[in-house]
Amino acid sequence: MHWLPENISTRIYLLVLLVLAPAPFIFEWINELFYLDLLSRALILGIAAMSLNLILGFGGMVSLGHAAYIGIGAYCVGIPAYYDYYDGWLHIALALSVSGVFALITGAISLRTKGVYFIMITMAFSQMVYFTFLSLEEYGADDGLVIYARSEFPEWLSMESSIGLYYWIFGLLLLVLFFTHKLVHSRFGRVIVGSKFNEQRMQALGFDTYRYRLVCYVISAMICSLAGVLLGNFTSFISPDMIGWARSGELIFMVIIGGVGTLFGPLIGTIVFVVLEEFLSAITVYWHLIFGVMLVALVLFGKGGIHGWLSLLDRKGESRD
Amino acid sequence: MDWNLLITQLMNGLQLGLLLFLLASGLTLIFGIMDFINLSHGSFYMIGAYFCGTVTAITGSFFIGVVFGLIGVFAVGALVEYFIARKLYRNDHLDHVLVTFGLILIFDTLVHLFWGASGMAIPLPDMLNGQIHLGSLVLPTYRVLIIAGGLVVAGVLYFLVTKTRLGMLIRAGASNRTMVEALGVDINRLFLIVFALGAAMAGFAGMLIAPITEASIGMGNDIIIIAFVVVIVGGIGSVKGAFYAALLLGLLDTLSRSYLDLLLKLVMPSNYAETAAPAISAMLVYILMAAVLAFRPQGLFPPAGAK
């Protein structure tokens with residue numbers, strides 16, 4: 001079967017996508033719409049994790065503030081909706097432009113720093129966003145904001161029903177997967193990956209690595225804001241709590257579980273994270289303990305996350321993405 | 001202007017600053033010497049409060065609570081260093097962030113498991129519960145004690161770092177770890193002591209604040225982020241920097257919360273000022289950190305000879 005991808009891991013991922021495609025109808029058929037909600041949330045966060053992976057995994061920029069862009073996206077739905085503007089294209093355009101401009105400004109400052117300093121400065125900027133929304137009394141401050149209706153789109157694109165929303169999420173997910181794949185294998189992507197491993201060498205080759213990184217950071221933020229738009233529509237309730245630094249930590253966690261710097265890893269990691277969170281929290285109120293132990297064990301023993309383990313299935317000498 | 005209010009706010013700022021210093025001094029040393037990012041440093045702050053509260057409840061004495069609390073947190077810090085942190089010093093910072101994020105989850109849940117979800121109030125002995133009268137000024141005794149306690153620890157730490165052999169090694173480690181190792185110092189033991197000492201100081205801060213705010217789960221997770229800001233602003237690895245930065249940030253944060261709206265009212269309509277002031281004052285510490293990182297990334301008071 002020469003048309004199949006050679007790697008077993010890649011085949012498994014494609015199989016996962018094939019299962020995800022008809023999922024809403026299966027859940028509707030067995031009358032378990034709860035699982036559709038769970039899956040929708042997992043895929044939304046999956047998009048966010050993939051966007052973080054773009055800078056964290058491929059570019060080596062560890063941001064502890066990416067949840068800010070989820071928040072910006074969500075508030076770009078919530079605040080217009082508060083004034084009865086429900087046009088979905090407006091929400092999307094607003095989210096992309098606000099997050100893009102914010103990422104351009106903060107990225108331009110943050111990327112002057114490296115390593116620990118980058119971690120801290122991204123966290124600082126996300127805290128500023130957090131406190132901004134926390135202080136906006138008009139939009140609920142820490143009580144949050146209820147979104148009474150979902151973004152409006154033409155009939156065939158409507159996200160009114162759970163299934164419609166699911167296919168918005170799934171479609172966007174496929175787009176982001178495709179875009180990430182193209183981006184990483186483009187000249188631009190190679191410069192980004194190259195400057196992660198040896199920035200001086202890339203500079204010696206004549207690349208202005210700062211600019212490349214900044215563009216990558218802005219792209220990542222804009223994708224993440226789309227996840228925020230979806231999340232705002234999905235939860236129909238938004239609050240500054242979505243932006244706190246612990247949320248950003250969880251996003252990193254999702255990327256790492258799946259496999260940092262791989263195409264499918266963050267998505268798989270997020271699904272595992274959300275499903276585990278749901279089931280463990282149903283079993284015991286102490287489920288954070290299990291999560292914490294997992295996280296410590298993952299770093300100490302489990303190099304490469306789920307993608308790393310699946311790659312062991314691939315034939316030797318072919319263990320590339 | 002209400003001078004009594006100003007003095008109270010100055011004292012609150014000083015108190016916050018000294019608590020931040022207790023947290024940040026350990027953090028900055030762990031950061032500077034081991035190059036280890038410990039997000040879970042705030043957990044020691046929480047554990048200190050709970051240990052102290054429990055022993056206080058059993059023995060009825062806050063002072064015995066503090067002593068046993070300090071020993072307990074020192075031990076927990078040493079265990080974390082020995083079994084987890086030690087294995088990660090040479091990994092990249094991403095691993096540090098992940099593991100210590102995991103430790104936060106573990107410690108928060110363990111506290112939940114042993115002490116329950118609701119907070120723990122710690123009663124103060126009567127002699128600390130009163131007030132000190134200075135002319136027309138009335139100061140709560142315990143707040144004065146917190147400030148005094150913070151200053152004493154700062155003094156002891158200053159002595160330890162500048163006058164003792166251990167302190168010499170610590171300073172040398174913060175400036176150039178490789179050289180210290182090359183000179184044959186038992187670096188593992190040094191790391192263990194620094195880590196556990198840092199944990200104990202964070203725990204002490206938690207014990208000091210708990211009688212006012214009560215001990216609660218996750219109490220360290222907000223203040224630790226500000227302690228990181230202190231570390232960055234002061235310069236990684238610099239205890240002196242941490243001291244000045246902690247006081248600066250403590251005062252800035254407290255005073256801006258009470259006086260920023262008055263300042264803003266001078267330049268904008270008062271309803272805008274009242275909305276903007278709380279947001280800006282909450283952000284002020286982060287704005288300061290971003291500015292320091294952008295223009296003087298080594299911090300305001302970097303350790304001598306640091307790379």
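Which residues does A:Ile306 touch, not counting residues up to four places away in sequence? This is a predicted model, and in it A:Ile306 touches A:Ile257, A:Gly258, A:Gly259, A:Gly265, A:Ile268, A:Gly269 and A:Val272. You will find A:Ile306 in helix H14 of chain A, which covers residues 305–311. A residue counts as buried if 20 or more other C-beta atoms lie within 10 Å of its own. A:Ile306 has 22 such neighbours inside 10 Å, so it is buried.

Now try a contrasting spot in chain A. A:Trp156 sits in the loop that links strand E1 (145–146) to helix H7 (162–184) of chain A. Is A:Trp156 buried or exposed? With 6 C-beta neighbours inside 10 Å, A:Trp156 counts as exposed.

Let us step back and take in chain A as a whole. It has 14 helices and 2 strands. Its C-alpha trace spans about 55 × 50 × 45 Å along the principal axes. For 321 residues, a compact globule would have a radius of gyration near 20 Å, and the 19 Å of chain A agrees with that. Buried residues account for 50% of the 321 residues in chain A. If we take contacts in chain A between residues at least 6 apart in sequence, 78% of them join residues at least 24 apart.

Of the 307 residues in chain B, 49% are buried. Among contacts in chain B with a separation of 6 or more, 78% are between residues 24 or more positions apart.

One, between helix H1 (3–34) and helix H2 (41–59) of chain B, holds B:Asp35. Although B:Asp35 is not a glycine, it has a positive phi of about 55°. B:Asp35 is partly exposed, because it has 16 C-beta neighbours inside 10 Å. The other loop, between helix H9 (187–213) and helix H10 (219–234) of chain B, holds B:Glu214. B:Glu214 is not a glycine either, and its phi is positive at about 65°. With 15 other C-beta atoms within 10 Å, B:Glu214 is partly exposed.

How do helices of chain B pack? Two packed helices are described by the angle between their axes and the distance between the axes. The axes of H1(B) and helix H6 (residues 141–163) of chain B come within 9 Å and cross at roughly 35°, and this crossing of H1(B) and H6(B) is left-handed. On the H1(B) side, the residues that meet H6(B) include B:Met11, B:Leu18 and B:Leu22, while those on the H6(B) side include B:Ile146, B:Gly150 and B:Leu157. By class, the contact of H1(B) with H6(B) has 12 nonpolar, 3 polar and 1 charged residues.

Leaving aside its neighbours within four places in sequence, B:Ala227 is in contact with B:Leu20, B:Leu23, B:Ala24, B:Leu27 and B:His41.

Finally, look at where the two chains meet. Here 33 residues of chain B are in contact with 34 residues of chain A. On the chain B side, the elements that give two or more residues are helix H4 (93–115), H10 and helix H12 (270–295) of chain B. H4(B) provides the largest share of that side, 16 residues. By class, the side of chain B that touches chain A has 25 nonpolar, 5 polar and 3 charged residues.

Note on methods:
Residues numbered from 1 in each chain as written. Chains lettered and ligands numbered in written order. Predicted model: local features only at pLDDT ≥ 70, side-chain atom pairs only at ≥ 80, totals over all residues. Helix = DSSP H or I, 4+ residues; strand = E, 2+ residues; numbered from the N terminus. Rg over C-alpha atoms; globule rule 2.2 N^0.38 Å. Buried ≥ 20, exposed ≤ 12 C-beta atoms within 10 Å, placed from the backbone. Contact = placed C-beta atoms within 7 Å. Nonpolar A, V, L, I, M, F, W, Y, C, P; charged D, E, K, R; others polar. Axes fitted to C-alpha atoms, helices over the stretch in contact; angles between N-to-C directions. Left-handed = near helix turned anticlockwise from the far one by under 90°.
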